[in-house]
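Please look at the sequence and the structure first.

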Amino acid sequence: MSALRATDTVMPTAEDTVHRNPMRPPPDSPRTAGEAVRVFFRHPSPLILLVTLLGLGAMRWQAGGFAWQDAAIALGVWMYFPFNEWLIHKFILHYRPRQILGRTVDFYLPKTHRRHHADPWNLTWVFVPRHVHALVLSFLAVVYLLASSWRPELLTFGFVYLLFGLHYEWVHYLTHITWCPPLAYYERRVLEHRWHHFRNENYWWGVSFGTGDRVLGTAPDAKDIARSGTNRDLGLKR
């Protein structure tokens with residue numbers, strides 16, 4: 001059923017999915033570390049990120065001249081990334097179609113995210129789409145060509161940012177399979193993201209980090225939050 005939904009032109013509704021998408025992963029979901037890693041790298045996004053990281057790492061190493069600025073950039077990206085994913089998730093992925101001058105304005109990325117909420121165990125919709133990587137990498141390439149003497153620092157920024165991006169993909173993927181590393185950090189991240197999917201989609205916007213939710217007040221105790229009833233169709237009936 002999920003495979004058919006991956007190519008269907010109509011987004012499945014909450015009513016379509018409620019019985020075949022329980023709160024636990026399906027029986028064929030990866031159950032061991034080996035299975036999890038193999039399935040993860042079958043998808044284009046992790047492979048694109050891994051190859052890009054190898055290239056950026058090699059370029060940065062060749063450029064040499066490591067200094068305190070590189071450490072400061074890495075620290076800055078680490079501090080910013082939780083808010084980056086919080087903002088993208090809330091305002092881009094959960095964008096709601098709008099009527100402007102009689103026309104419905106909508107975008108591909110939030111459309112795929114709605115499919116992800118409607119069919120949460122379908123890994124087709126878990127990963128960042130390839131066109132997003134094309135846009136980000138093209139932007140970095142243009143900035144690199146214009147950066148001149150700042151190229152080493154830009155390479156450091158790109159490497160660290162995309163490294164966190166790969167980690168984001170890994171954590172998000174863990175939320176939608178059976179296996180999870182026996183580490184408290186990952187268990188907590190998986191739990192909170194499943195609350196976002198199966199309890200209330202208006203909270204727990206962080207995926208690989210919970211910092212943004214805690215600073216911005218969107219990480220309540222789940223016992224205090226009622227089920228939204230719209231976590232699968234995001235309130236947009238089809």
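E192 is buried, at 0% relative accessibility, where buried means under 20% relative accessible area, exposed over 50%, and partly exposed in between (1.4 Å probe, protein chains only). The model is predicted: local features need pLDDT of at least 70, side-chain atom pairs count only at pLDDT 80 or more, and totals for chains, interfaces and linings use all residues. Residues are numbered from 1 along each chain as its sequence is written, and side-chain values use heavy atoms, with hydrogens and water left out.

**Salt bridges around E192**

- E192 pairs with R189 in a salt bridge, at 3.1 Å from N to O; the term stands for a side-chain nitrogen of Lys or Arg within 4 Å of a carboxyl oxygen of Asp or Glu.
- R189 and E192 are three residues apart in helix 9 (residues 184–198), so about one helical turn separates them; helices (H or I, at least four residues) and strands (E, at least two) are DSSP runs, numbered from the N terminus.
- R189 is buried too, with a relative accessible area of 3%.
- R214 also forms a salt bridge with E192, and the closest N and O atoms are 2.3 Å apart.
- This second pair links distant parts of the chain, with R214 in helix 10 (residues 211–216) and E192 in helix 9, 22 residues apart.
- R214 is partly exposed, with a relative accessible area of 46%.
- Through shared partners, salt bridges join R188, R189, E192 and R214 into one network.

- Side chains of opposite charge can pair when their charged atoms come close.
- D70 and R60 form a salt bridge, their closest N and O atoms lying 3.0 Å apart.
- D70 belongs to helix 5 (residues 68–93) and R60 to helix 4 (residues 44–63), so the pair ties together parts that are 10 residues apart in sequence.
- D70 is buried at 9% relative accessibility, and R60 is buried at 5%.
- The count of salt bridges by this rule is six.

**Nonpolar surface patch**

- V37, F41, L47, L50 and L54 make a nonpolar surface patch of about 400 Å².
- Patch residues have over 30% relative accessible area and no salt bridge; like charges are joined within 9 Å, and nonpolar side chains (Val, Leu, Ile, Met, Phe, Trp, Tyr) within 5 Å.
- Accessible areas come from the Shrake-Rupley method with a 1.4 Å probe, and for residues only the protein chains shown count as cover.
- Helix 4 gives the most to this patch, with three residues.
- F41 sits in the loop between helix 3 (33–40) and helix 4, and F41 is partly exposed at 30% relative accessibility.
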